[in-house]
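Have a look at the structure first.

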Amino acid sequence: MAFHDTLVYINSTVESISAQFIRIPGSAIVLRYVRSSYQNDPMRSFLELCLFLFAVRYFLASKYSFAKKDFIKLSTKEVDDLVHEWTPEPLVTPLDEVDQTEVDKVPVIVGVSGPKVKLSTGKSVMNLASFNMLNLLGNEQIREQAIKTVRENGVGACGPSGFYGTQEVHIQTEKDISNFLRVPASIIYAQAFNTISSTIPAFAKRGDIIVADSAIGLAIQKGILISRSTIRWFQHNDMDDLDRVLQQVHNDFKGQPLTRRFIVTEGLFENGGDIADLPKILELKYKYKYRLILDESCSIGVLGKTGRGLTEYYNIPATEVDMIVGSLATTMCAGGGFCAGSEYVVKHQRISGNGYVFSAALPGYLAATASEAISIMQSSPEMFTQLLANTRAFRAIIDKINYMYSPSDPDSPLIHLQLNPEVLESRKIDDEDKFLQDVVDECVANGVLISRSKVVLSQEIFRVESTLKIMITTGLTKRETEKAAAVVKAAVSKVMSKAPKIKH
């Protein structure tokens, strides 16, 4: 009976409280909301209750005060002694001997950079280690335009583009890019790296599917990971494998709710110098109903008769690609990046592109530099003919190296040289990176500045091969380019002669 009496008392109390609560104005709305919320989403009601209880506890809790703590009082002299004895931890880990040696070997350019530069050692070299492929760096016409823009707009907007950072020069640059690529619209970002890593998560979310080339660069990898989408990889530039992966995705997700699906790849691969098979990718894109995100950071201003990139190289309308992403900091010698496509693609990024919304706008003079570079590219199409001629002249010599081969496309001015597998088996080369660095040092000693690929392996999803990295420029004549190729060839042979053969 005691238990029954308790239940009766609780019920009567609840009914009494309910009757009193109903008398409160607006209580019916609250009750209706709670009942509806509980039926549709009980977990939401539980979380709201927890938040309400936390808020009540927070406002009723006593304030925290240092005055209540019993600290040890120190004299002024004791405080000064402790401060004098305290040694802060270093902000970065000290370099070990290997890293310090590598840093010491980095050449330092004195003065203006260009196709021919002077190093801090006093030596003049031909510069094949820069993205200055069209020799626009230091162009007087671009320089004057940049100075004019600084005088009119200052050195920076100091605010996000969607707030007060956008200036007329930014709007004009976006128009120039979209007109150059022959697409409806474009949007510019303040950092080249953040462009692709903001564009991808602006469209792809958790539950969506991304099929990506296994050799994409680090910025694209980060964008894909940030999106939290389901990721499937296909073998580098292998269209048969891409077809297989797309078919597998189709089979695995058949009958499930429809999600957004993307193919992500590069136009000209930065880590290999080879070119994507765009016609085949587009064929598969339409076959399996995917959207294509194409990173042309290394191909804009390089490929095509007038430098419009991979679409022009294959004579395909740029509108066939859903999103063309590129850098303004490579061949255009400016800064920032862009994404070009439909009006919808651009407008969506103005409110959803993290790198656009939460970053200060690109400095106006860099936007003006990009516009002026585009103007020069359009008025001087012969520079692309010269770039291709220099590239093929360099390859004609460098392809004869017995110990190394180039995975790069014959039309690519971004050239990678990699050790032949047979060489690694027949020669005692303990450290491949050290061998390549010795080649770089030998080239610099003979008047040619090149570089080698350097990546943070812990950040890369797939292994990146160690290579020599060479970038051809129109700033050198064909004869000078051939001379530089001969220097690289001789340097490889000289360094290889010091590697002892392995006795089997």
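## An open sheet

Four strands come together as an open sheet, ordered E11-E12-E15-E14, with antiparallel pairing. Its edge strands are E11 (404–405) and E14 (451–452), each of which pairs on one side only. Strands here are DSSP E runs of at least two residues and helices are H or I runs of at least four, numbered from the N terminus; two strands pair if DSSP finds at least two bridges between them.

Strand E11 meets strand E12 (residues 414–419) in the antiparallel sense through two bridges. Tyr-405 has Gln-418 in E12 as its bridge partner.

## How the model is read

This is a predicted model, in which local features need pLDDT of at least 70 and side-chain atom pairs count only at pLDDT 80 or more, while totals for chains, interfaces and linings use all residues. Residues are numbered from 1 along each chain as its sequence is written, and side-chain values use heavy atoms, with hydrogens and water left out.

## The whole chain

The protein chain holds 20 helices and 15 strands. Its radius of gyration (over C-alpha atoms) is 31 Å, well over the 23 Å from the globule rule (2.2 Å times the number of residues to the power 0.38) for 504 residues, so the chain is more spread out than a compact globule. The C-alpha trace spans about 105 × 75 × 65 Å along its principal axes.

## Contacts

Of the contacts (heavy atoms within 4.5 Å) between residues at least 6 apart in sequence, 67% join residues at least 24 apart.
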